[in-house]
Amino acid sequence: MKKVKVSLQPIVSNINLPTVLKTTILPGDSIERLFIATQIGEIFYIENGVIRTFLDIRPRIIKLGVSSGGYDERGLLGLAFHPDFYYNGLFYLHYSVAGTQGPGAYPKGFKPDPCDPGTLNLRWVNRETQYDHIDTVEEWILQSSGHPQKRRTLLNLRRPFSNHNGVNSLNFSPETGKLVLTTGDGGSGYDPFNLSQDDLEICGKIIEIDVSKNTYIITPPIVTRFNELPTTIQETLTVMAKGVRNIPGISFQRFYNNYIKYAGNVGQDLVESIFSFVHYKPIPVTQLIQASFMNSEPDQEGFINFGWRGWEGAFPTSTIRGCTKDPNLDEKTIAYYNEAVTLSGSRLQPLTSYFHKDTRPDKFGGTALTGVQPYMGNGIPDLTGRVVFTDLAQKRSQPQVRGALAYTNIRADGKQNDFSLIQTDYNFGSQSAYYVSLGTNLNQTRLYLGVYGSMKVTEFNQGTVFEIVP
């Protein structure tokens with residue numbers, strides 16, 4: 001693949017960890033403004049080079065990093081503006097709620113043992129007491145006075161563990177006009193309760209929410225399964241995909257009369273994967289519940305299944321053990337063999353994958369996928385029409401951490417793609433640079449990169465947002 005080089009142009013520095021980067025036009029304005037949501041609960045926008053506060057919900061956010069040495073995957077995770085935001089002022093938030101800290105669903109670290117069936121068939125029990133926290137999805141409105149105000153709560157979700165809650169988790173579909181929520185499998189490792197493949201579990205799904213429907217419920221119940229929701233809320237939901245481990249948002253690329261959908265699934269130990277699809281058949285939640293009640297299978301022809309937990313991208317999910325005789329080698333054992341077999345014919349193949357270990361000179365070893373965006377601009381011709389993605393931190397020997405910026409091509413034939421690292425000329429000096437988020441403007445002609453100097457959300461003001469330029 002062609003070697004591409006870009007520059008990073010700083011837009012704003014000394015901010016907290018940026019989880020969402022996207023643009024919109026404020027009511028009464030005429031220019032797209034870049035909005036930045038931080039993990040701790042701030043939303044800013046840039047106006048004439050000046051950073052301005054749009055909303056600050058830090059008191060609503062769960063206390064982050066207390067029990068994990070500063071690392072945390074909770075917080076303000078999603079921000080989406082209604083397609084008619086300019087006229088109706090509606091926008092949507094997904095965040096982890098203050099005061100909801102629980103003990104966790106499982107008291108210790110988990111790894112499946114293929115020789116012990118008990119580790120392959122665990123169940124999440126005592127859900128009302130054994131959970132980590134509660135996430136909420138809310139609808140807000142920008143009032144004519146210029147002050148945002150909460151209008152209603154769409155969902156309250158009890159989460160089993162602290163991690164895998166999604167990030168950049170709210171985006172509107174230009175096809176359906178619905179709000180799309182990417183939930184993650186609930187956390188820990190290896191999806192211990194297999195929530196991502198259970199049709200009634202909210203964890204591990206991509207969900208469409210019809211926000212035009214009024215449920216007339218001010219405070220929805222706190223749930224973990226679709227069948228625990230009131231009927232009026234069930235009727236607003238369709239499931240777009242399952243088999244999700246953790247997704248840094250979903251993006252849409254216009255392709256003739258259709259849209260290509262892109263979703264990157266963060267890997268376990270082997271590989272990071274980017275999936276793409278055009279046609280899909282979402283299943284109404286009411287149908288999933290009815291099929292479960294009738295003890296039958298819903299029609300899943302055309303339904304998207306990313307294959308987790310049986311598959312990690314294009315590979316059967318494996319546990320890894322180091323080889324004592326040679327530390328450069330390791331042994332990989334299939335964790336969930338029967339599930340890998342069952343899902344082998346129904347899962348979606350990834351568009352491209354990159355690996356945690358890759359010694360090829362033109363590749364890189366990755367850590368975690370943090371963003372996937374199509375680029376439709378002409379400013380960087382070598383990237384026009386291609387798909388750009390970011391990884392948190394390259395695994396290579398150097399004093400400071402550096403994230404990875406890379407790209408792949410679109411394909412309509414379903415075959416897997418190669419990828420290539422994008423070279424950047426920015427000098428981060430002695431500071432670490434974790435690539436934590438990737439965003440774009442409304443017509444996908446500009447790309448924005450969020451970088452943080454630490455893995456700890458408790459280490460403040462170490463963030464910079466760049467525009468990726470020629």
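The questions and answers below go from the overall fold to the aromatic rings.

Reader: How many helices and how many strands does the protein have?

Author: This is a predicted model, and what is said here describes that model. Its secondary structure comes to 4 helices and 31 strands.

Reader: Why can the protein be called as compact as a globular protein of its length?
Author: For 470 residues the globule rule gives 23 Å, and the protein comes close to that value, so it is as compact as a globular protein of that length. Buried residues make up 59% of the 470 residues, and the C-alpha atoms fill a box of roughly 60 × 60 × 50 Å along the principal axes. The radius of gyration on which the comparison rests is 21 Å.

Reader: Are the rings of Tyr354 and Phe419 stacked, edge-to-face or tilted?
Author: A pair of aromatic rings is described by the distance of the centres and the angle of the planes. The centres of Tyr354 and Phe419 lie 6.1 Å apart and their planes meet at 55°. Planes under 30 degrees apart would count as stacked and those over 60 as edge-to-face, so the pair is tilted.

Reader: Which residues do ring pairs link into a cluster?
Author: The structure holds 27 aromatic pairs. Ring pairs link into a cluster Phe35, Tyr45, Phe54, Phe81, Phe85, Phe91 and Trp140.

Technical notes. Residues numbered from 1 in each chain as written. Predicted model: local features only at pLDDT ≥ 70, side-chain atom pairs only at ≥ 80, totals over all residues. Heavy atoms only, no water. Helix = DSSP H or I, 4+ residues; strand = E, 2+ residues; numbered from the N terminus. Rg over C-alpha atoms; globule rule 2.2 N^0.38 Å. Buried < 20%, exposed > 50% of the residue type's maximum accessible area, 1.4 Å probe, protein only. Phe/Tyr/Trp six-rings, centres within 6.5 Å; stacked < 30°, edge-to-face > 60°.
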